[in-house]
Each structure stands twice: as structure tokens, then as C-alpha cells.
Amino acid sequence: MSGLIGKKIGMTSVYNADGQALACTVIETGPCVVTQVRSVEKDGYKAVQLGYGEKNEKHSNKPELGHFKKAGTTPKRKLVEFKEFEQELNLGETLTVADIFVEADFVDVVGTAKGR
């Protein structure tokens, strides 16, 4: 299962061929950096950890800084692990929307509410 991490920017309307307005959510995705590659031999399962969003170094602890330094990137705000990623990726690679999806692909989106 391939995927990217993103952030909701807002809502807009898109009109179809019949002139009906359809609600659309605008999501800013990527660039996501590969911060860890898990293997069956070492970790017992195959997965890829992606990081998204910049974070100031003073807001990171030393273990986090070492983790990001090993990947060759700056500290990231959000880390998500994707199991059974379809592509073979290396540590420190940057992924964008064009690398994962093509036009007219259907996507599943999972979100977390602020809890208000």
C-alpha cells in the first residue's frame, strides 16, 4: 500500500459536465522524506516510514535528531509508517504526488479531527 502524508488546506467547489457543484477538499501533500526502511530480516515486517512537515531542531529531543540525521534530513513534524509499500525506496529519498499517483487515480484519505 503506497501513500503520502498531507494536510488539509480547505474546501472548494468543482462543477461536473451537468453543471452540478461537487464539494472538494484541497489537500497539500508531500514532499515526504523516507526516514526509515524496515525489513523482514531485521524488524520482522516490511514497511517504510515517511516524514512530513518541517520542525525546529530545538523542539526535537536527541534520539529524534539522531534518527533524522541518519536519514540525512531535517526534523519532521509527522511520521507515519506504511506497510507493504509498493516501491523499493532508500533512506533519505523524497517522494512527491507525481511519484506515487497518476491523474484520475482514486485515493483513500484518512484524517484526524482536532477534537473540538
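Biologist: Is Val107 buried, partly exposed or exposed?

Modeller: Val107 counts as partly exposed because its relative accessibility is 46%. Buried means under 20% relative accessible area, exposed over 50%, and partly exposed in between, with a 1.4 Å probe and protein chains only. This is a predicted model, where local features need pLDDT of at least 70 and side-chain atom pairs count only at pLDDT 80 or more, while totals for chains, interfaces and linings use all residues. Residues are numbered from 1 along each chain as its sequence is written, and side-chain values use heavy atoms, leaving out hydrogens and water.

Biologist: Where is Val107?

Modeller: Val107 sits in the segment after helix H3 (97-100). Helices (H or I, at least four residues) and strands (E, at least two) are DSSP runs, numbered from the N terminus.

Biologist: New topic. Which residues make up the largest nonpolar core?

Modeller: There are twelve, among them Leu4, Val34, Tyr52, Phe82 and Leu89. A nonpolar core is a set of buried Ala, Val, Leu, Ile, Met, Phe, Trp, Tyr and Cys residues joined through side-chain atoms within 4.5 Å.

Biologist: Which strand gives the most to this core?

Modeller: E4 does, with three residues.

Biologist: And what is Leu89 in contact with?

Modeller: Leu89 contacts Val34, Val37, Val48 and Leu95, leaving aside neighbours within four places in sequence. Contact means heavy atoms within 4.5 Å.

Biologist: What about Thr73, buried or exposed?

Modeller: Thr73 counts as buried, because its relative accessibility is 19%. Thr73 lies in the loop between helix H2 (62-71) and strand E5 (76-83).

Biologist: What does Thr73 touch?

Modeller: Val33, Thr35 and Phe68, not counting residues up to four places away in sequence.
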